[in-house]
Amino acid sequence: MWIDADAIIKAAALVTALGVLGGVVVSLYKASERDRKQSEIIKEIMDEQSLICYGLRGALQGLIEQGCNGPCKDALEKLNKHLNQEAHHNDL
(Lines give C-alpha, C1' and ligand atoms only; values in the text may rest on other atoms or scores of the structure.)
Protein backbone atom coordinates (compact mmCIF):
# COMPACT_ATOMS: atom_id res chain seq x y z
CA MET A 1 0.00 0.00 0.00
CA TRP A 2 1.34 3.35 -1.05
CA ILE A 3 0.74 6.59 0.80
CA ASP A 4 0.27 9.27 -1.78
CA ALA A 5 -0.58 12.97 -1.52
CA ASP A 6 -4.32 12.34 -1.83
CA ALA A 7 -4.32 10.03 1.23
CA ILE A 8 -2.35 12.58 3.27
CA ILE A 9 -4.76 15.37 2.28
CA LYS A 10 -7.79 13.24 3.24
CA ALA A 11 -6.22 12.31 6.59
CA ALA A 12 -5.38 15.95 7.30
CA ALA A 13 -8.92 17.01 6.41
CA LEU A 14 -10.35 14.36 8.74
CA VAL A 15 -8.09 15.43 11.63
CA THR A 16 -8.98 19.09 11.03
CA ALA A 17 -12.70 18.34 10.94
CA LEU A 18 -12.50 16.34 14.17
CA GLY A 19 -10.52 19.16 15.80
CA VAL A 20 -13.11 21.75 14.77
CA LEU A 21 -15.98 19.58 16.03
CA GLY A 22 -14.17 19.03 19.33
CA GLY A 23 -13.57 22.77 19.64
CA VAL A 24 -17.25 23.51 19.04
CA VAL A 25 -18.32 20.98 21.67
CA VAL A 26 -15.89 22.41 24.24
CA SER A 27 -17.00 25.95 23.42
CA LEU A 28 -20.68 25.07 23.86
CA TYR A 29 -19.96 23.33 27.17
CA LYS A 30 -18.02 26.33 28.49
CA ALA A 31 -20.80 28.69 27.42
CA SER A 32 -23.45 26.60 29.19
CA GLU A 33 -21.33 26.45 32.37
CA ARG A 34 -20.79 30.22 32.27
CA ASP A 35 -24.55 30.76 31.82
CA ARG A 36 -25.33 28.44 34.73
CA LYS A 37 -22.88 30.27 37.01
CA GLN A 38 -24.28 33.66 35.98
CA SER A 39 -27.82 32.43 36.68
CA GLU A 40 -26.77 31.36 40.17
CA ILE A 41 -25.13 34.75 40.82
CA ILE A 42 -28.21 36.61 39.55
CA LYS A 43 -30.47 34.53 41.82
CA GLU A 44 -28.28 35.35 44.83
CA ILE A 45 -28.38 39.06 43.96
CA MET A 46 -32.16 38.97 43.58
CA ASP A 47 -32.54 37.25 46.97
CA GLU A 48 -30.33 39.91 48.56
CA GLN A 49 -32.30 42.72 46.91
CA SER A 50 -35.55 41.17 48.17
CA LEU A 51 -34.22 41.23 51.73
CA ILE A 52 -33.14 44.85 51.31
CA CYS A 53 -36.57 45.82 49.96
CA TYR A 54 -38.39 44.13 52.83
CA GLY A 55 -36.05 45.78 55.33
CA LEU A 56 -36.67 49.16 53.72
CA ARG A 57 -40.40 48.47 53.79
CA GLY A 58 -40.22 47.75 57.52
CA ALA A 59 -38.19 50.91 58.17
CA LEU A 60 -40.65 53.05 56.20
CA GLN A 61 -43.59 51.47 58.01
CA GLY A 62 -41.90 52.23 61.34
CA LEU A 63 -41.31 55.85 60.33
CA ILE A 64 -44.95 56.20 59.32
CA GLU A 65 -46.01 54.78 62.70
CA GLN A 66 -43.78 57.39 64.34
CA GLY A 67 -45.58 60.15 62.45
CA CYS A 68 -43.28 60.77 59.46
CA ASN A 69 -46.05 60.71 56.90
CA GLY A 70 -45.19 62.85 53.83
CA PRO A 71 -42.55 61.27 51.62
CA CYS A 72 -42.48 58.09 53.70
CA LYS A 73 -46.06 57.21 52.77
CA ASP A 74 -45.38 57.89 49.10
CA ALA A 75 -42.22 55.81 49.18
CA LEU A 76 -43.98 52.96 50.98
CA GLU A 77 -46.84 52.97 48.48
CA LYS A 78 -44.41 52.89 45.55
CA LEU A 79 -42.34 50.15 47.19
CA ASN A 80 -45.46 48.05 47.90
CA LYS A 81 -46.62 48.52 44.31
CA HIS A 82 -43.19 47.48 43.00
CA LEU A 83 -43.02 44.42 45.27
CA ASN A 84 -46.51 43.32 44.23
CA GLN A 85 -45.72 43.73 40.54
CA GLU A 86 -42.48 41.78 40.89
CA ALA A 87 -44.20 39.02 42.88
CA HIS A 88 -46.78 38.55 40.13
CA HIS A 89 -44.20 38.96 37.36
CA ASN A 90 -41.98 36.22 38.81
CA ASP A 91 -44.91 33.79 39.14
CA LEU A 92 -45.12 33.37 35.37
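Predicted model: local features only at pLDDT ≥ 70, side-chain atom pairs only at ≥ 80, totals over all residues.

Me: OK, and which helix does histidine 82 lie in?

Reply: Histidine 82 is in helix α2, which covers residues 70–90.

Me: How far is histidine 82 from cysteine 53, going by C-alpha atoms?

Reply: Their C-alpha atoms are 9.7 Å apart, while along the chain the two residues are separated by 29 residues.

Me: Switching topic, how many helices and strands are there in the chain?

Reply: You'll find two helices and zero strands.

Me: And what's the radius of gyration of the chain?

Reply: The chain has 29 Å, whereas a compact globule of 92 residues would be near 12 Å. The C-alpha atoms fill a box of roughly 100 × 20 × 20 Å along the principal axes.

Me: So how much of the chain is buried?

Reply: Buried residues make up 7% of the 92. The accessible surface is about 8,000 Å², and 64% of that belongs to carbon and sulfur atoms.

Me: Which residues make the nonpolar surface patch of about 320 Å²?

Reply: Leu14, Leu18 and Leu21 make that patch.

Me: Is leucine 18 buried or exposed?

Reply: Exposed, because its relative accessibility is 54% and the cut-off for exposed is over 50%. Leucine 18 sits in helix α1, residues 5–65.

Me: Last one: how far apart are the mean positions of the positive and negative charges?

Reply: They're 2 Å apart, for 10 positive and 13 negative charges.

Conventions. Residues numbered from 1 in each chain as written. Heavy atoms only, no water. Helix = DSSP H or I, 4+ residues; strand = E, 2+ residues; numbered from the N terminus. Rg over C-alpha atoms; globule rule 2.2 N^0.38 Å. Buried < 20%, exposed > 50% of the residue type's maximum accessible area, 1.4 Å probe, protein only. Areas by Shrake-Rupley, 256 points an atom, 1.4 Å probe, with all protein chains shown as cover. Lys, Arg positive; Asp, Glu negative; His and termini not counted. Charge placed at Lys NZ, Arg CZ, Asp CG, Glu CD. Patch = residues over 30% accessible without salt bridge, like charges linked within 9 Å, V, L, I, M, F, W, Y side chains within 5 Å. Salt bridge = Lys/Arg side-chain N within 4 Å of Asp/Glu carboxyl O.
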